[in-house]
Amino acid sequence: MSRSLPSAENLLRWYHVHRRILPWRAGPGTLPDPYHVWLSEIMLQQTVVATVIPYFHRFIERFPTISDLAVAVDDEILGLWAGLGYYARARNLIRCARAVAEAGGFPVTLDGLRALPGIGPYTAAAIGAIAFDIPVVPVDGNVERVTARMFAIEEALPAAKDAIAVAAARLGAQAAAQSSPGDFAQALFDLGATVCTPRSPSCMVCPWRDGCAAHARGLSADLPRKAKRAARPVRRGTVFVMQDRSGMIGLRRRPPRGLLGGMLEVPGTDWEATAPPPVPPCAAHWLDAGTIIHVFTHFELRLTVKAGRVAALPGGIVAAPPDTPLPTVMRKALEAGLAVLDERSPK
């Protein structure tokens, strides 16, 4: 006997009572500022909500409109972004803001949104549904999990993505979902984030419990299944934390393309499977400041940190105060180096 489709009306009633209050959201039935939706969605890629909220507030305070963001200096934007990771997103954020400002606003079609820098199918669907009430279901990790459980899709991810997308579209094809695409999308997000969680889902309070095939079969906590990932490769390198007599530190700018493109970094070697020979940028009494470990999406980085005081920073190096915004991995390295230098300072 086939199960009835989980009711979009029930989910929307639940959402109107239990929705999360987030700074980029408008109230139920109200369209938010597309700039806020776009900015939050770019920030939320590979990043959790709790981390994004203070960054979102800082950006909106400094750049109240997308036109303000479009005319800002790149370094200021990248500085505010520091710590959010995935810096290609920040570069695309700048390009997208300028394209939208030049066009006089966001396009209101999925194809138009997908044509913007840094906006893929999911982000276009999220902006389209939430900001423009386009009847589409954006499938993020939360929606993927909810859908896999509602339909008891047992095929492992990523192979199951197509089946999950088709099933999610079935949920969104209901009349109630079609009449409130933005609320329905955000209701799915919130259901996955607060009830249908990855571990120990709260099935007893779920508005879709009666329509959930996984719950009926006792599979909720086991879905979605995921194929085993290969172990992350490890890369190694050495960085040199330099501080001059005035307290300024030595940094350099990374190439505009590639990982951490265009960002400031602590000078050092390349990152290789076997650590390259560490060649200091200048003569100094280099102290061992330990090793920091940072995990990127596709590899783990282990950096040996050397720290030294110098009479003057060498040529080609940017003199900067220690609180200069830096990518997280470089902030870790800098703090490790400065801690050792502070320990060795005369008391």
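**Reading a helix and its salt bridges**

Mentor: The buried residues of helix 8 pack against helix 2 (34-44), helix 7 (110-114) and helix 12 (181-194). Keep in mind that this is a predicted model.

Trainee: How many of the 12 residues of helix 8 are buried?

Mentor: Buried means under 20% relative accessible area. Nine of the 12 residues of helix 8 pass, so the helix is largely enclosed by the rest of the structure. Among them are Thr-123, Ile-127, Gly-128 and Ile-130.

Trainee: Now the charges. How many salt bridges does the structure hold?

Mentor: Side chains of opposite charge can pair when their charged atoms come close. This structure holds 14 salt bridges.

Trainee: Which residues are linked with Asp-190 in a network?

Mentor: Arg-20 and Arg-25 join Asp-190 in a network of salt bridges. The closest N and O atoms of Asp-190 and Arg-20 are 2.7 Å apart. That pair links distant parts of the chain, 170 residues apart. Arg-25 also meets Asp-190 at 2.7 Å, N to O. Here the partners are 165 residues apart.

Trainee: Is Asp-190 buried or exposed?

Mentor: Asp-190 is buried, at 0% relative accessible area. Arg-25 counts as buried too, at 13%.

Notes. Residues numbered from 1 in each chain as written. Predicted model: local features only at pLDDT ≥ 70, side-chain atom pairs only at ≥ 80, totals over all residues. Heavy atoms only, no water. Buried < 20%, exposed > 50% of the residue type's maximum accessible area, 1.4 Å probe, protein only. Helix = DSSP H or I, 4+ residues; strand = E, 2+ residues; numbered from the N terminus. Contact = heavy atoms within 4.5 Å. Salt bridge = Lys/Arg side-chain N within 4 Å of Asp/Glu carboxyl O.
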